[in-house]
Amino acid sequence: MGGALMDIVVRAAVVFLVLWLAIRVSGKREVAQLSAFDMIMVVTLGDLVAQGVVQEDYSLSAATLAVSTFCLLSLLLAWMHYRFPRSRPLLSGRARVVVRDGEPVLDVLSSERVTIEDVHEAAREKGIRSLRDIELCVLEVDGGFSFFTKERSSADDGAQSS
């Protein structure tokens, strides 16, 4: 029993070092900057690591190789994204306008599987009360919304203060 527990400790230490090295090589990003693909990859890596540590696979080298392969492919995609700007829409997607001049762009909302309620909620979080106040709403590649509101003219301000 003691030998099996120590084997798990050694395996965990080796996997820890491999993951530490992979994170150091892959660069710094905040959790908020992770894409959906990155999050899926983190979960998958967790499963691969668990198999290597608790011997479900019986091969620490297989877990190390799998984690290393995932990290190298991730670095390759990041390099392609940086080196070949034309590949960015394919690799990361592209931003899409979902509201223009206060009107929802329904075909874009539909193709992106975003509801108008999602847009309303995001607008309220930014202090925007009505879609009429939005010049452009952009669904960014990370899934967030960017809002550009209409500028109020001085005539509008004068009418409201009277």
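Modeller: A residue is called buried under 20% relative accessible area, exposed over 50%, and partly exposed in between, with a 1.4 Å probe and protein chains only. Glu-112, at a relative accessible area of 29%, is therefore partly exposed. This is a predicted model, in which local features need pLDDT of at least 70, side-chain atom pairs count only at pLDDT 80 or more, and totals for chains, interfaces and linings use all residues. Residues are numbered from 1 along each chain as its sequence is written, and side-chain values use heavy atoms, with hydrogens and water left out.

Colleague: What percentage of the 162 residues in the chain is buried?

Modeller: Buried residues account for 23% of the 162.

Colleague: How many helices and strands are there in the chain?

Modeller: Helices (H or I, at least four residues) and strands (E, at least two) are DSSP runs, numbered from the N terminus. Here the chain has seven helices and four strands. Their order from the N terminus is α-α-α-α-β-β-α-α-β-β-α.

Colleague: Which residue forms a salt bridge with Arg-96?

Modeller: Side chains of opposite charge can pair when their charged atoms come close. The criterion is a side-chain nitrogen of Lys or Arg within 4 Å of a carboxyl oxygen of Asp or Glu. A search of the whole structure gives one salt bridge. In it, Arg-96 pairs with Glu-112, and the closest N and O atoms are 2.9 Å apart. The pair links distant parts of the chain, 16 residues apart: Arg-96 belongs to strand S1 (residues 96–100), while Glu-112 sits in the loop between helix H5 (106–111) and helix H6 (116–125). Arg-96 is partly exposed, at 27% relative accessibility.

Colleague: Where is Arg-113 placed?

Modeller: Arg-113 is in the loop between H5 and H6. Arg-113 is exposed, with a relative accessible area of 73%, and its phi is positive, near 55°, although the residue is not glycine.

Colleague: Why is the pair of Trp-79 and Phe-84 called edge-to-face?

Modeller: Rings of Phe, Tyr and Trp (its six-membered ring) pair if their centres lie within 6.5 Å; planes under 30 degrees apart count as stacked, over 60 as edge-to-face and the rest as tilted. Two aromatic pairs are found in a search of the whole structure. In one of them, the ring centres of Trp-79 and Phe-84 are 5.5 Å apart and the planes stand at 90°, so the pair is edge-to-face. Trp-79 is partly exposed at 46%, as is Phe-84 at 40%.

Colleague: Which residues make the nonpolar surface patch of about 410 Å²?

Modeller: Patches are made of residues with over 30% relative accessible area and no salt bridge; like charges are joined within 9 Å, and nonpolar side chains (Val, Leu, Ile, Met, Phe, Trp, Tyr) within 5 Å. Areas come from the Shrake-Rupley method with a 1.4 Å probe, and for residues only the protein chains shown count as cover. The patch of about 410 Å² is made by Leu-73, Leu-76, Trp-79 and Phe-84. Leu-76 lies in helix H3 (residues 60–83).

Colleague: Which residues gather in the patch of negative charge?

Modeller: Lys and Arg count as positive and Asp and Glu as negative, with His and the chain ends not counted. A charge is placed at NZ of Lys, CZ of Arg, CG of Asp or CD of Glu. The negative surface patch gathers Asp-101, Glu-103, Glu-135 and Glu-151. Glu-135 is in strand S3 (residues 134–139), whereas Asp-101 is in the loop between S1 and strand S2 (103–104).
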